[in-house]
Every structure is written in C-alpha cells, then in structure tokens.
Amino acid sequence: MNLEDIQEGKIYLIDKPLDWTSFDVVNKIKWKIKRNFNLRKIKVGHAGTLDPKATGLLIVCVGKATKQIQQIQDASKQYSGEIKLGVETPSYDTETEEVNHKELSHLQVKDIEEATKYFIGDTIIQKPPVYSALKKEGKRLYEFARKGLAVEIPSREISIYDFKITKVKIPYVEFVVHCSKGTYIRSLAHDFGQKLGVGGYLTKLRREKIGNYEIKDSDNSILL
C-alpha cells in the first residue's frame, strides 16, 4: 500500500473472514489508510455485500476506483457452499435456531441432483430473506425480523446459470452455483429444500468469483 496507489485509485481483493460484516472490512481499510497517510477523507466502498456468515471474495475500491463499483457489482458471481436438508431456520442460515425438522429417509441422491434443474434458467423469481440488509421504510429488513415484526418482501428477478451438487452426505449437500447479481444464496438454499419437500438452510458459503476477479488472487495483508 502506497500513497500514489491510493490517490490514483486502488482495488483490493479481500478474503472476507467469517463473522466479519462487509462494512467491517471497509471500515478497517479506511481506518488504516487514514492512519498511515494522515488523510482526512478518502472514499472506500465494497462492490457487493457478503453476509457475516459467509467468507470469500469481497472487492473493496478506494479513491477513484470507487467509480468502478457499479460495474463490478453488475458482474455474475460464483459461490461454493453447503446446505443442511430436513430442517429450516428463519434466517435461512446459521444465524438463527433450527425449526421444522423433517424426515429424510426417503431422500435419494438422484432426487437432490434432479432438483437443481428447476432453478437453472434465464430468469427466475426469488424472494430475499427477511434477515437481510435490504431496506424498507428506511429500515433494514433484519431490524423488523429481530423484533418479530411481519414485513412484506418484494420478489426479484435473478438468474441461475449453473447449479451443481458436488457432494452428498445426507443431511448435508455441497454445491457450486454461478448466478447473476442480486441472487441470495440463502434464499436458494431455502427454496431448494422446499422443492425437495424437506426444507433446508445454508450452513456454509464462500464466494469464489466476481466477474473476472477470483478468490485465489486475494490478499488480506491490508487487514493486518
């Protein structure tokens, strides 16, 4: 990290740690830049939120590079992860407690693999989880959810370009998915469980690619 890079604009590829929010990463980088170079103001932003319970590629843009945020956000994404079948959670991930346990003895690997085909296509309709950072009436949806308040969540059009099962060890299913911007993998995990008739929630998630940017090129030294 040097002042010239900061002034001209810099893109950092970060492997976001588990339980960090995306804003935690942004704030850490902003604080470090201000401290190291005695700058009063510097633009820092991320190009696509990752949930606290997810890890993987988070792109942080600094200075003039923040002009590229929208372009990066619009790119497709690739994730790997794990779904637990036969049970649900209100948040669709590990943030909340399990509910609605169901029997899985009838479930076959071929059923699991076949169900992925339902989601692959140019456009599908998806409803984001209520435990999300989307805003309604000036508040984050998770603020309503944590207070137990009902809220209507508008559905959105997204695209799943590829959805592959890579390992099955019931009740756990590992997968890789390539999708459009705006896709909630937590919702995909929930909907996948619903399609199988047994329920499911996301237990692990890792973002591997955003457009041409890949997790293998990440460098977390700026967070140290």
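Tyr118, Phe119, Phe163, Phe175 and Phe192 are joined into a cluster by ring pairs. Keep in mind that this is a predicted model. Across the whole structure, a search turns up five aromatic pairs.

**Tyr118 and Phe119**
- Tyr118 pairs with Phe119 edge-to-face, with 5.0 Å centre to centre and 85° between the planes.
- That angle counts as edge-to-face because it is over 60 degrees.
- Tyr118 is exposed, at a relative accessible area of 55%, whereas Phe119 is buried, at 4% relative accessibility.

**Phe119 and Phe192**
- Phe119 also pairs with Phe192: the ring centres are 6.2 Å apart and the planes sit at 55°, so this one goes down as tilted.
- The Phe119–Phe192 pair ties together distant parts of the chain, 73 residues apart.
- On one side, Phe119 belongs to the loop between α4 (109-115) and β5 (121-126); on the other, Phe192 belongs to helix α6 (residues 185-196).
- Both of these Phe residues, Phe119 and Phe192, are buried.

**Lysines over rings**
- Back at Tyr118, the charged end of Lys195 sits over the ring, 4.1 Å from its centre.
- So Tyr118 has Phe119 as an edge-to-face partner and Lys195 over its ring, and Tyr118 counts as exposed because its 55% relative accessible area is over 50%.
- Tyr12 has a lysine too: Lys10 lies over the face of Tyr12, at 5.7 Å from the ring centre.

How values were computed:
Residues are numbered from 1 along each chain as its sequence is written. This is a predicted model: local features need pLDDT of at least 70, side-chain atom pairs count only at pLDDT 80 or more; totals for chains, interfaces and linings use all residues. Side-chain values use heavy atoms; hydrogens and water are left out. Rings of Phe, Tyr and Trp (its six-membered ring) pair if their centres lie within 6.5 Å; planes under 30 degrees apart count as stacked, over 60 as edge-to-face and the rest as tilted. Buried means under 20% relative accessible area, exposed over 50%, partly exposed in between (1.4 Å probe, protein chains only). Helices (H or I, at least four residues) and strands (E, at least two) are DSSP runs, numbered from the N terminus. A charge sits over a ring if NZ of Lys or CZ of Arg is within 6 Å of the ring centre and within 35 degrees of the ring normal.
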